[in-house]
Amino acid sequence: MFPSCEWMPLTPRSTRNKLKIVFIVNLIILAIAIPSYLYVDSLLPKPATFEVTDLVFDQSWVQVGTPVEVSVKVTNIGDKSGNHSVTLTINDEAIATKTVQLSAAETTTLVFTATELDAGNHTVTINSLTGTVRVTVEEPTKQAELEITNLGVSRTAAEVGETITVSATVTNLGDVASEFSLELFVNDEKQETKNIQLDGGETKTVEFEVTEEAEGEYVVKLGTLTVSFSVTSEAQPIKPAEFQVTELTINPSSVLADELVEISVKVTNVGETSGTYTVNLKIDGAIQETKDVTVSGGATELVEFEVTETSSGTHTVEIADQVNSFTVESSAPASGNIKVYSLAVKPYEVWEGESVTIKAKASNLANAPGTLQLRVLIGGEVETTKTVQLAAGETEVPIEFSVTAGTQGGYSVKLVNLGNQSNTLSGYFQVVENGFHTLIVSANYQGMEFTLDGVSYDAPYFELLEEGSYVITVPDGFEYAGTFWNFTSWDDGSISLTKTIELDSRVSVTARYVNTKSCPSLYVWDGNEYLYTAEISDGTGYLGIFDYFREDGSLSFLYSVPWDYTKLNSTRIEPKDGYYDMTITQKWDEISYIDSATLVYVDHASDVDVFSTKATYLYELDEQGTIYTVSKDPDSPVSCVTGSGEDVLSLISERDGNTTKGNEFTWDTLELDLGDLSDAEEIKLIVAGTIIYSTGEDQGAWAGQFYDQPGEQPFPPPYMEVKDAEGNWIAVADNMQFPLLDVTPDCFVVNLTGVFLTDDYSLRIHTFFNTEFDYIAVDTTTQQPDSIIVDEAPISSALLSQAFTTNSTSTGNFTRYGDVTELLLDADNEFVIMRQGDEITIQFSTDLPPVPENMERDYFLVASVWFKVDGLFYVDFTVDPLPFHEMTCFPYTEPESYPEDLQSYLQEYNTRVIESP
């Protein structure tokens, strides 16, 4: 029986992740044995060989109808010139191919343009490089992003003790206001930190003062920009202010009468003393407006004007020696205080002659009546213009157009508010052959083969088909690229492997699979079939977790935490003949040691959800296995960016299979702003994601590089950081660190209560393995002990059998087939020992108390499982030595040994002897 609000079956110990270390000794021997061959080979010129790198999008989130530029770098790493073709693929459909000719060592950048992308997430692939572009009907909201430009110093050569002014232009490139921290470094030492508040799109000039008391060269750094000055006794007298005017910009360049035109120039003081410059704006030769701007030595100021013109024609703009122009088109009067938003184009796919409805909304932001003039462009050509009168302050006025679809093809839709042409909305629709519609069948990972009306196809599938009913059947699982993928559900949540589609419009369906490479696989009876649920062992039950090399070249190992806490989908667990029925199958060529399996049921208030915490390796985490209540509607972080500044908030805002991207053997960072949580008594992070592990050979090759770096961890654990009072990032305490994600996308809780040092609730999560985050939310509701009941469903029976034959080379004394119920009741070092092909069928009693009124019931499978893999030179692929809970590491050394008092268990159960062939 567990406590009323939480459980912790076993105190976690230091542990590591799934790791296979295989040192490539043969390659080393080969290099030593035939050095002459390697030498001669190195003298031969290499043929043209090409490397494609640096996949970059100019925008990763766009509105429907907006083109996206995709670029890559192509390098000839051979010794001869040659040609190379590069293909842009979107959703596995080849879009465009470009061929380049490069000389030896030459690099070029290829740019593709992706147009007419429909709403959704699109996988973009060039060679082995992959990225995602998000397309939405609504205009994207850019998160706050700081840009620093025009870094300058008032003196490039100053006297000792002279004050130098450092200036820069800072701009918030995002659409939302934010506070930014600016850190000024001089010769890599932090000199000063300034916090600055910027509205969306706002630009300011920021200044610092620096004084140095010793002669020498000094490098000033702000963000990624640097500028230098020297302190010398030979400094020249201070130069008077002198100004340069550059970058005359006009936006927009074509307007209607009385429309606002924004005009700007940059004024730079190339002198060393502060001074004032008069900026004269001339339009058509006459001074329109004058502004005086004071600029420090070496600084740049952006000077902006706003003008309107009523007369149509081209108007010349002059500021100093800068000249540009804009055009005014004749137009009926329209209000500039009306905003148009929420564009919807339906249906997306039509036949020629059918109607397409274009809807939007408008709000009058003024306290006076206004006239909205809205122009519709279809395929870049003006379709119609509509005039709507709005009362003062009137909001959410529906606007609707109907257009007739033309011939087959794709059509961009653009709505232009003639009263404010910067208020423009974009959409798209497609005209297809009459009687046909598009069917799209995809999986969240490549390699799935499915049947459509009994005919086999590969996903992704994109085809124009006649209207009618179609039956799609997908596999329960499949092997691809050295790993196994298990079906979980369709994108609408349905869980049957067969789906019937009524194709009376464009239809897109996605089968969701999870990646599994190791650990025993759990299947749960849902009333019709056994459905894959998760891999159990949590990754930390891996036996032989390598930590680091010692000084003498020997290996140091860690303890392996065997505990796994798997939440079961309550809609997918149904009784079978009076029992909750599930199987644990050893699909992969491993030896697994299952010590206990317990079905825990949790009754909780219907307005909350429940999740457990997880384990990690190396750190001993507090509250491992604790069940927490969390809100069913937790808050999304205010922002989430990667270490490179990429905004990924949209990817982690919903648990939808659209994930962030990770890298193997490289630190990846997510930086989150959790908002103002100063009033929160408890802070819990709700996380869903997965780790995609490389092969044992890859991991072994990586680890081998650390042979001459004693004490250095090849596989450091994930960790979190928060900010201290000075704004520095500080690692969270070891006992509260971030856990290790599993190979299946579990959802779990990370307790953040007490980890923040200030009222700045910024958080960094660092991961070293290929970690993909699907969902991150923050919950501040208080744990209510009286609103949760935790108890066990008694295990009724457990039978071990062979599910399929295997060619595994594993050897030793495995558990005999038959009844193994007794072995799974407690975590007592008496294991069900399985090899590839074995399966345990477990039944739990359904004779449980009724669910209390106004409460819901969830289920967790709590299991203690270790597993051993093939290929480790320091761990034989055989049953012995057996792990045990009291060991300090694995492999262990004397005087540690498996408990002597369990010999009778070994003799009774482990009688299935598998010997080497």
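Glu-354 is partly exposed, with 32% relative accessible area. The model is predicted. Glu-354 sits in a loop, between strand 26 (349-351) and strand 27 (355-364).

## Two cis peptide bonds

The bond from Lys-346 to Pro-347 is a cis peptide bond, and its omega is near -10 degrees. Pro-347 belongs to the loop between strand 25 (338-346) and strand 26.

## Positive phi in two loops

Asn-187 is not a glycine, yet its phi is positive, at about 50 degrees. Where does Asn-187 lie? It is in the loop between strand 12 (178-186) and strand 13 (189-198). Is Asn-187 buried, exposed or partly exposed? Its relative accessible area is 36%, so Asn-187 counts as partly exposed.

Asp-284 is not a glycine either, and its phi is positive, at about 55 degrees. The loop that holds Asp-284 lies between strand 20 (275-283) and strand 21 (286-295). Asp-284 is partly exposed too, with a relative accessible area of 45%.

## Cysteines without a disulfide

How many disulfides does the structure hold? It holds zero. Cys-640 takes part in no disulfide, and the nearest cysteine sulfur, in Cys-747, is 15 Å away. A disulfide is a covalent bond between the sulfur atoms of two cysteines.

The cut-off for a disulfide is a pair of cysteine sulfur atoms within 2.5 Å.

Are these cysteines buried or exposed? Cys-640 is buried, with a relative accessible area of 0%. Cys-747 also counts as buried, at 13% relative accessibility. Buried means under 20% relative accessible area.

Key. Residues numbered from 1 in each chain as written. Predicted model: local features only at pLDDT ≥ 70, side-chain atom pairs only at ≥ 80, totals over all residues. Heavy atoms only, no water. Helix = DSSP H or I, 4+ residues; strand = E, 2+ residues; numbered from the N terminus. Buried < 20%, exposed > 50% of the residue type's maximum accessible area, 1.4 Å probe, protein only.
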